Amino acid sequence: MMDEMTQRMKVLTECDGVPGHEGAVRAQMKSYLEPLSEELVMDRLGSVFGVKTGLAGGPKVMLAGHLDEIGFMVTQITTKGFLRFNQLGGWWAHNVLSHRVKVKTRKGEYIGIIGSKPPHVLEAEERTKVMKLKDLYIDIGAKDEADAKERGVRPGDWVVPVSDFFTMRDGELWAGKALDNRSGCSLAVEILSRLQNEQHPNVIYAGATVQEEVGLRGAGTAANLIQPDVAFALDVGIAHDTPGSESNPMKLNPTSARPPTCLRR
């Protein structure tokens, strides 16, 4: 049996929502925030916050996770029906090889597999290099370009990994996609829940922003709307407790990809 917080994480992480397409995640967050809030506040870009007043006129405290997850966007359909794609947010190309994905189209979604040039035909020099996303493709089983288009696939369609939520070590660890930053979303809900019967001197705005992965766009519009006195970003970081990263945690590339992984509670 999952506890309430773990169940909420399962629901949130299994929602799909890349930057600019956060609708399903936003709807789920609204369902969590509404019973805990005096009102919901949304900006025109799509960020959503629940308001809990401790003392009217008190300092406004903004607690913001973000709704969006890293994903991909279709950029081209080849003559043979394969899909070229670009990243939405940071990815390291080797993390996506052979990954199953969902391609979201106007006619529904299709399961695809990310493929590349077979290792049997790679030159010796190529084997030592990181593959580039431009050299990868998504195979949805289309016979050709016309077949892919008939299915409703178009450049601009968005793509997310197929990755179910699960736990490890008797529920102590969470694993799956979109842990960054559905954990921040869940924490915003948890804070409002714990404040229901607590006295405090602040006006709390707890929720999540949109389009964080492509430039913190929702953070800017939400902050402009709320005008907080204090703001906290509810986000994740690198644990530096896995092989290869323990020795020098300061050598972190701020633009490096964050693959689906596990999160310690």
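## Two helices side by side

In this predicted model, helix α2 (residues 23-33) packs with helix α4 (residues 179-194) at an angle of about 15°, and their axes sit 10 Å apart. Angles under 35 degrees count as roughly parallel, so α2 is roughly parallel to α4. The crossing of the pair is right-handed.

Which residues make the meeting? On the α2 side you'll find Val 25, Met 29, Tyr 32 and Leu 33, and they meet Arg 182, Cys 185, Val 189 and Leu 192 in α4.

## Helix α5 and its buried side

Over in helix α5 (residues 217-226), the buried residues are Gly 218, Ala 222 and Ile 226. They lie on the same side of α5, because the arc they cover around the axis is only 55°. As a general point, an α-helix has 3.6 residues a turn, so residues three or four places apart point the same way.

What do these buried residues pack against? Their partners are the strands β2 (48-53), β3 (60-66) and β12 (203-209). Just after α5 comes Gln 227, with a positive phi of about 55°.

## The nonpolar cores

The largest nonpolar core has 22 residues, and Leu 83, Ile 114, Leu 136 and Ile 138 have the most contacts inside it. Strands β4 (71-77), β5 (83-88) and β6 (100-105) each give two or more residues to this core, with β4 supplying the largest share, three residues.

Take Leu 83: leaving aside residues up to four places away in sequence, it touches Val 74, Gln 76, Ile 77, Val 103, Tyr 137, Ile 138, Ile 140 and Val 153. Apart from this core lies another, of 20 residues, including Cys 15, Leu 63, Leu 67 and Leu 195.

Definitions and conventions: Residues numbered from 1 in each chain as written. Predicted model: local features only at pLDDT ≥ 70, side-chain atom pairs only at ≥ 80, totals over all residues. Heavy atoms only, no water. Buried < 20%, exposed > 50% of the residue type's maximum accessible area, 1.4 Å probe, protein only. Helix = DSSP H or I, 4+ residues; strand = E, 2+ residues; numbered from the N terminus. Arc of directions from axis to C-beta. Contact = heavy atoms within 4.5 Å. Core = buried A, V, L, I, M, F, W, Y, C linked by side-chain atoms within 4.5 Å. Axes fitted to C-alpha atoms, helices over the stretch in contact; angles between N-to-C directions. Parallel < 35°, antiparallel > 145°, perpendicular 65-115°, else oblique. Left-handed = near helix turned anticlockwise from the far one by under 90°.
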